[in-house]
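Please examine the following model.

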Amino acid sequence: MNFLRPPACNAWCRVGLEFCLDAIPNAKPLRTFAGIALVLGAFTLFSANAQAEPIRGAGSTFAAPIIHLWSRDYEALRTDGGEFTSPDWRVDYEPVGSLAGVMRLDQPETDFAATDAPLTTEELAKRGLAQFPVVMGGIVVVANLDNVGAGELRLTGPVIADIYLGKVTKWSDPAIKAINPDLALPDATIEVLRREDGSGSTFTFTSFLSKVSPEWKEKVGADTLVKWPMGRGEKGTGGLASLTTATKNSISYLEYGQVVRLGLPFAALQNQSGAFIRPAPEAFEAGLATVAWDGAKGFSADTTNLAGEKAYPMAVVTYAVVSKDRGEGRINRVLDLFRVAFSRGADEASALGYIPVPSALAGQIEAYWTANLGAVNN
């Protein structure tokens, strides 16, 4: 039977079927049935595509650059070099801040949140959530001073706390000069800058200050959103970075990779051992290496003021948080994204100044997925 296509027709499937039916006696009922089946099949295919949705996430601005890069790579991998793609292979991530991201989990369309402030075991259990680390890094203190290069300025935790409490107001203050005797510091007012939205970076920064300054702990404390004693605020890591760049004699706290990419002058911070440490991936890793990761606690860990002679005192971990009621299909798409990130995205994370999840920890996380989220390997 010849299935040649007439010149005027582009519908291979339909025309081929018509030729078949024309060769069968009394085929009109069959032809009608076949037409209905084809229409229903096309409608089913259209409906399936119409229901396809991207993986939706929101939260950390700290981790936004690497999540966006992983999202692009994930779609390219699942497309496998072909022209056809699907919304199911895309990731729609909104960098709204850690606090807002976790709050978005109350919206049924959100598949995951990214937060730099881990949720407690009690909160995870109460809300039916699971969380796990996806990338690590560091929060650094930036001092935008003329003629002071990266790492030249030394600061201690108590002095930083006093600056943000409004007790140390000049760069020429004796408390700063005492730890920088050979540095020419301006007799200028310190422009105090900070985040004004709910931020995991703020949680890391204020957690560190709470450990090294009893007054800070009593008056302000540690959280993603605090009542700042003073200073100018800006939303998002990018917003605060832009404000810092534009403000001479300012001090702020920012994600390490962005600071390096912008060429901003960071300070060396004193750690628990009394050493002044410049921020760098190996200095963050030195502190993170002392963490005992526990899946039973949702991997929640305190990563500030960690022990270690070579440890920088403000490491940070970004966690993905998933609601267990999203359904197996939606949950496994999120896990597939981060499984690919763990196996293929380490070099990209390092290039942006982050610390990739170590392979041993990635193995623990995948076991956690199986035990807590019913994960299946794709």
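Two strands are said to pair if DSSP finds at least two bridges between them. Helices (H or I, at least four residues) and strands (E, at least two) are DSSP runs, numbered from the N terminus. The model is predicted, with local features needing pLDDT of at least 70, side-chain atom pairs counting only at pLDDT 80 or more, and totals for chains, interfaces and linings using all residues. Residues are numbered from 1 along each chain as its sequence is written, and side-chain values use heavy atoms, leaving out hydrogens and water.

An open sheet is formed by eight strands in the order 2-1-3-11-4-8-6-7, with mixed pairing. Strand 2 (91-94) and strand 7 (232-234) are its edge strands, each pairing on one side only. From one strand to the next, the twist averages 25°; axes are lines fitted to C-alpha atoms, for helices over the stretch in contact, and angles run from 0 to 180 degrees between N-to-C directions.

Strand 1 (residues 55-59) runs parallel to strand 2 and is joined to it by four bridges. Asp 92 in strand 2 is the bridge partner of Arg 56.

Helix 12 (residues 281-288) lies across strand 4 and strand 11 (315-323), running at about 130° to strand 4.

Met 103 belongs to helix 4 (residues 98-104). Because its relative accessibility is 53%, Met 103 counts as exposed, a term that requires over 50% relative accessible area (1.4 Å probe, protein chains only).

Note on methods:
Contact means heavy atoms within 4.5 Å. Buried means under 20% relative accessible area, exposed over 50%, partly exposed in between (1.4 Å probe, protein chains only).
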